[in-house]
Structure formats: C-alpha cells, structure tokens
Number of protein chains: 2
Amino acid sequence: MNTASRVRLSPAAATLALCLLAAAAAAQDPLPSWNDGQTKKAITDFVARVTRAGGGDFVPPAERIAVFDNDGTLWCEQPMYFQFLFAIDRVRATAGAHPEWKTTEPFRSVLAGDMKGLHAAGEKGLMEIVGRTHAGMTTDEFQKIVADWLATARHPKYGTPYTECVYEPMLELLRFLRSAGFKTFIVSGGGVEFVRAFAERIYGIPPEQVVGSSGGVRFEVRDGRPVLVKEPKVEFVDDGPGKPVAIDRCIGRRPIMAFGNSDGDLQMLQWTTAGAGARLALLVHHTDDEREYRYDRESSVGRLDKALDEAQQRHWVVADMKADWKQVFPRSPAPR
Amino acid sequence: MNTASRVRLSPAAATLALCLLAAAAAAQDPLPSWNDGQTKKAITDFVARVTRAGGGDFVPPAERIAVFDNDGTLWCEQPMYFQFLFAIDRVRATAGAHPEWKTTEPFRSVLAGDMKGLHAAGEKGLMEIVGRTHAGMTTDEFQKIVADWLATARHPKYGTPYTECVYEPMLELLRFLRSAGFKTFIVSGGGVEFVRAFAERIYGIPPEQVVGSSGGVRFEVRDGRPVLVKEPKVEFVDDGPGKPVAIDRCIGRRPIMAFGNSDGDLQMLQWTTAGAGARLALLVHHTDDEREYRYDRESSVGRLDKALDEAQQRHWVVADMKADWKQVFPRSPAPR
C-alpha cells in the first residue's frame, strides 16, 4: 500500500478543498472563447463592479438577475427558428392522421416541400402550423415529443443536433455569471415548454428560470388522473414589448443585465437599462457568414435594425460575432 | 492582549466553521413550533426520505420543489382576504378623485361602511373593487402603495401589521425545507404583485418564486422612459384548476410537496401527488377559534370541503392548527 492511497479527506476537508479549487478556477480567464478587446472587457468590468463588496455599484446577489434571449442569442436561429423546423417536421410526422392537410394550406406546402408556398403563407401560416402541432397532447407527452426530435433531427447546414448549435462564448458567459452569484434566465419568444425541453441540459438553466411564449393549457382529470392538456390557442407572445411584461410577471424584479440579438429584444434591453444603478445591455451581432450566418437590418428572421441604432445611441455593448468570438460552437462544426 | 483576541480565522477556516455550525443547527429540532406527533413526523420523515443520498426515494436538489398557497396557509385570511381589505382601504384613500363612487355600487357601500351592501355585491363586486384599485399606475408605483399600506394598516382582530399575521410554524417549515435543498414557491390566488410586495421580507421567498393571479400590464415609453402600466382587466386567476396550470407555466416542473388550506388548492395537491416517486400534500385545517379562527366546510372565505374529503381518502396530511401548532404567530398576539 503506498502513502497516497491512504490519504482520506474528511467531509469538511473535502468541502474546503472544493472551495479552494473553485477560487482557483475563478482566477483563470472565465471567457476563453471571447477574444480580448472592448466587448469582453465591458462584460468582465461590469461583473467586477457589481460584485465588489463595498463598491459604489455593488448589487446584492438576490438582485443579480441576467436575462437572455434564446434564438440568435444562445443558439442559432437560421435558416429559420428551430421551433418552426420542429413544427414542420411534426406536420410530416403526423400527416397520416390529417388527410385534409394534403389540400389545405399551409400544410399542403409543407407536405409538398414547397418552400415558396410556405413562405407565401407568412407568419400567420407558421403560427397556424405551430398551433396545430403543439396542441392536443398533455404537457408530459409534448416534452417527450420535443426530446425525441432533439435527439434525432439535424441542422441543415451543420449536420449536428440542434442542441449543438449553441454558442460556446454564451455558454461560458452563463457559467461565469452564475459563478459570480447571478441568476440566469431565458426570456424567449419561443414556446416556454419547447425551450424547457433542453434549457437545463444544455444551458444549465432550470425550467423555473425559463420565460417564453405560451399557449393555453387545460387541467383535466382523465381516468382519475390529473393531466394538463395543451390547447391550440396562443395566450402570450413573449416578444418585443411582451418581454418586459413577461419579466414583470414571471421574474418580478428588473434585471441588471440583458442579452439579445434582434429588434424583438429592444424593449427588454430598454426596460433593463432604465433601472437605477449599474446596468449592462448587450446585442449579439451576426457578422460571420463563414462560421455562422451574417444578417441584421434586412433579415426576415432575427432582424436587427432599430435595436442596433439604439445600441449605438445608448452605448450598449455590441458583440461582433466575427471579431469577438474565438470559437462559435462547442465542437466548432464545419459547414457541410 | 489576551490569547482569545489574537485568534484570527482565515476565510477558508471561517467557511469551514460556518459549515459545521450549519450542520449542528440542522441536528436540532427544525420545527420547534410544531407539537410532536403524526403531522410533524410526516413532514420530517418525508424530508429525510427524499434527501437521503442513495435511498430509494432520493430526489436531486434541482427537483425539490415545494409549493405553498398563501392566504390561510402562510398567513391569516380572516375576516377577509387581506388583499380585499387593502382594496377597500384604497377605495377610501382615493375616493376624492372619484366623486361618482358615492352613488355607485359597490363603491358606495365601501365608503358608507355598509358591510351588508358590500356583501350583497358578492365576489363580482369585490373583483370590481380590486380591478379599479389595482390599475392605472405603473408597477413600481403599485409596489410602493402596497408597501405603504403594509407599514400602516392593522389587522382588525389582532391590531398588528398584516405582515405579523403569518404562521410561525410555516415560517419554520419554509426555512427547514430550504435548508434541506428545497426551492420554495408561493402559488397564490392573490395578485402576484401584491404578494411579492412582502414575500421576500417575511417569507424569504424572492419575487421570481412567487406565482399568482395577474392583471394586464402594458409596456409604454413615457417621456423617453419605459414603464409598465397596470390595466384593470384580470388576465389569469391562479385558483383551483388554475394552480396546476400556473405551476406548469411559471415553474415548469411538478412539485414534490404542496401545502394548502382550501378547496382552491385541491387541484394543486392532486397535480403534485399524481407525479411518480415520493410526494407529500398537506392541508392546514383552521381549528383554533381562540388563537386564530375556526372554519372549514361552511366558510365563505377559504372554504375547505371537497379537499378535506379527498385528503381523508388519499391520506394527505392534515395539520390541525389547534393540536399541531404550539405557537400560531411569531409574536403570539392576543386577540383584542
């Protein structure tokens, strides 16, 4: 028996060792996928200011609320919001039970692979597809359907599961903020149940910290067993001015940091930065058509126009994906 | 200089000392205001089972969700929900700006102190009073109005601030559960903004863990400054079947413990206990007309009828306030 194998840590000593390790880790660069520069410095300086005990900008841990948009901010949103791609796949998967879809728009276009027809149906058509494919099942059943889809579907450009199309720099940022005592929330235009199906596993954000759009849900007792059944009607759209409203309803405290990437995040950033004390707003600007996509003012998905102007006027931080991010995805997949 | 004053704890040693103190505290009775007996044992046994690592009923900390009704479960709800008493006070305080109220029911009854007339207006009348007194201001202004009321208003029976009409045994229970890794939520039929005005201070429950009924809120930019304005329409009633729906929407995970006191909590308890694995549902039964109030099946406020039957059938825990609680209020105020 050698000496090393006889070392036994008491639980207290083990706790202490973990504390020391955590302190050592924090001393290293917390954002290694961010290139050094103004953007990274704006983030780390802000966190240092609000966490410095006794400093003028100190914020108690309970008030360190950071909100993140999801599509285009934490994961990719091109060529279309992933939830729409999910809905389209669901139309195909359940078409057998809906023979009428073969002749009814927008379902006909989806089944015929007629992207032009689908485009013509516009947002209204997409919302109808979402409504029909996201209702009629229990909430538990829906969770399973999304989980199965996430396990098998692949992104058309990268060929990876959608859950790998998340931004490594933002994953680091989430961990960094949590290690600094922040509570991280998602405030997404996507459906709250859809986002929750992966948020805990890929972002470390538990379901109770996911805010999103929501449809009607009905409580029912079936064969003596209570279930929640999803209804086709949209009850709340968590986008644009809906975001501060949802923050008020679900979080009840004004965030001190907000992260977005499109005009749909404008009011959330306005609401966050209008509070007293230190505040930080950041927009992810999609400038990298090699590693990801390049789009802003003219894009139909994730348009960034008014919010970009306001960011310039108000000196919000704009993260230039091409310049500021050393790495985009966790596994840096090459485009196919 | 004596020896004791030269002892200096390094930060690491201080952390260690705190850990040891916390462990020692947990070894003491965590629920001293609960009389020993079946009810207390049901709670402590349950917590021991779900937190015992390696045990068959172990629940990971992230899934230790406990939900609490507020009115009648965490604080008193007699002679009327406190939020209604607040609304009535607001009618009186703002009557100067509404001369028409002198001749319009239910406002006339409130201003005339005509409790019979107010009673005749029923729940519809009360909801109208709530709607009118809870709208037209910004969310920040409303928080201040509630805080001011809580600081000055007194309970008609106890003569204490309403925030002292909270149940000491339940405060202990909240702390006990949190020390066992639970996340404690309020799921109240009361307005979410009203409950948040005191939940953090008196229960240690942060705003993002308060779920409640809600009215419309509108985002607006006033003089270049974004505000959220409260609207008179009720958007969501977090009562009865609304409670599991709200739990799904705001928490997104099925609780493993649920605490209520009335038929309005029935579906929340059904939903909680229908999940797989260890579950505990508890009803507070108001049996103590000396120290508090005595009411159940016939009460107009906080009726406990169907849920009491179901508790007996399903072997839910029923806390008998008179028998199970050594102390009711933190300061044990005597009735006036």
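Helices (H or I, at least four residues) and strands (E, at least two) are DSSP runs, numbered from the N terminus. Keep that labelling in mind as you click along.

**Before you start**

You are looking at a predicted model, in which local features need pLDDT of at least 70 and side-chain atom pairs count only at pLDDT 80 or more, while totals for chains, interfaces and linings use all residues. Residues are numbered from 1 along each chain as its sequence is written, chains are lettered from A and ligands numbered from 1 in the order in which they are written, and side-chain values use heavy atoms, with hydrogens and water left out.

**Stop 1: both chains together**

Colour by chain and start with the pair. Two copies of a chain are related by a rotation about an axis and a shift along it.

**Stop 2: chain A as a whole**

Now hide chain B. Chain A has 12 helices and seven strands. Its radius of gyration is 22 Å, close to the 20 Å that the globule rule gives for 336 residues, so chain A is as compact as a globular protein of that length. That radius is taken over C-alpha atoms, and the rule is 2.2 Å times the number of residues to the power 0.38. Along the principal axes, the C-alpha trace of chain A spans about 70 × 60 × 40 Å.

Chain A exposes about 15,100 Å², with carbon and sulfur atoms supplying 54% of it; the areas come from the Shrake-Rupley method with a 1.4 Å probe, and for residues only the protein chains shown count as cover. Of the 336 residues of chain A, 53% count as buried. Buried means under 20% relative accessible area, exposed over 50%, and partly exposed in between (1.4 Å probe, protein chains only).

**Stop 3: strand β1 of chain A**

Select residues 65-68 of chain A, which are β1. β1(A) pairs with β2 (residues 183-191) of chain A in the parallel sense over four bridges, and Val67(A) has Phe185(A) as its bridge partner in β2(A). Three bridges join β1(A) to β5 (residues 257-260) of chain A, again running parallel; in β5(A), the bridge partner of Ala66(A) is Met257(A). Two strands pair if DSSP finds at least two bridges between them.

**Stop 4: two cis prolines and a glutamine**

Select Gln78(A) and Pro79(A): the peptide bond from one to the other is cis, with omega near 5 degrees. Pro79(A) sits in the loop between β1 and α3 (82-94) of chain A. Then jump to Glu105(A) and Pro106(A), joined by a cis peptide bond with omega about 0 degrees. Pro106(A) is in the loop between α3 and α4 (107-112) of chain A.

In helix α3 of chain A itself, pick out Gln83(A). Gln83(A) is buried, with a relative accessible area of 11%. Leaving aside neighbours within four places in sequence, Gln83(A) is in contact with His134(A), Gly190(A), Gly191(A) and Phe194(A).

**Stop 5: the sheet of chain B**

Bring chain B back and show its cartoon. Seven strands form an open sheet in the order β4-β3-β2-β1-β5-β6-β7, with mixed pairing. At the edges stand β4 (225-236) and β7 (317-320) of chain B, each with a single partner strand, so one side of each is left without a neighbour in the sheet. Neighbouring strands of this sheet are turned by 30 degrees against each other on average, direction ignored.

Zoom in on β2 (residues 183-191) and β3 (residues 210-222) of chain B, which pair in the parallel sense over three bridges. Ser213(B) in β3(B) is the bridge partner of Gly191(B). Helix α9 (residues 242-251) of chain B packs on the sheet, touching β1 (65-68), β2, β3 and β4 of chain B, and its direction makes about 130 degrees with that of β2(B). At β6 (280-285) and β7 of chain B, look for helix α11 (residues 306-314), which lies across both and runs at about 135 degrees to β6(B). Axes are lines fitted to C-alpha atoms, for helices over the stretch in contact, and angles run from 0 to 180 degrees between N-to-C directions.

**Stop 6: two loop residues with positive phi**

Finish with Asp223(B), in the loop between β3 and β4 of chain B. Its phi is near 50 degrees, a positive value in a residue other than glycine, and Asp223(B) is exposed, with a relative accessible area of 83%. Then select His315(B), in the loop between α11 and β7 of chain B. Phi of His315(B) is near 60 degrees, also positive in a residue other than glycine, and at 71% relative accessibility His315(B) counts as exposed.

Methods
Contact means heavy atoms within 4.5 Å.
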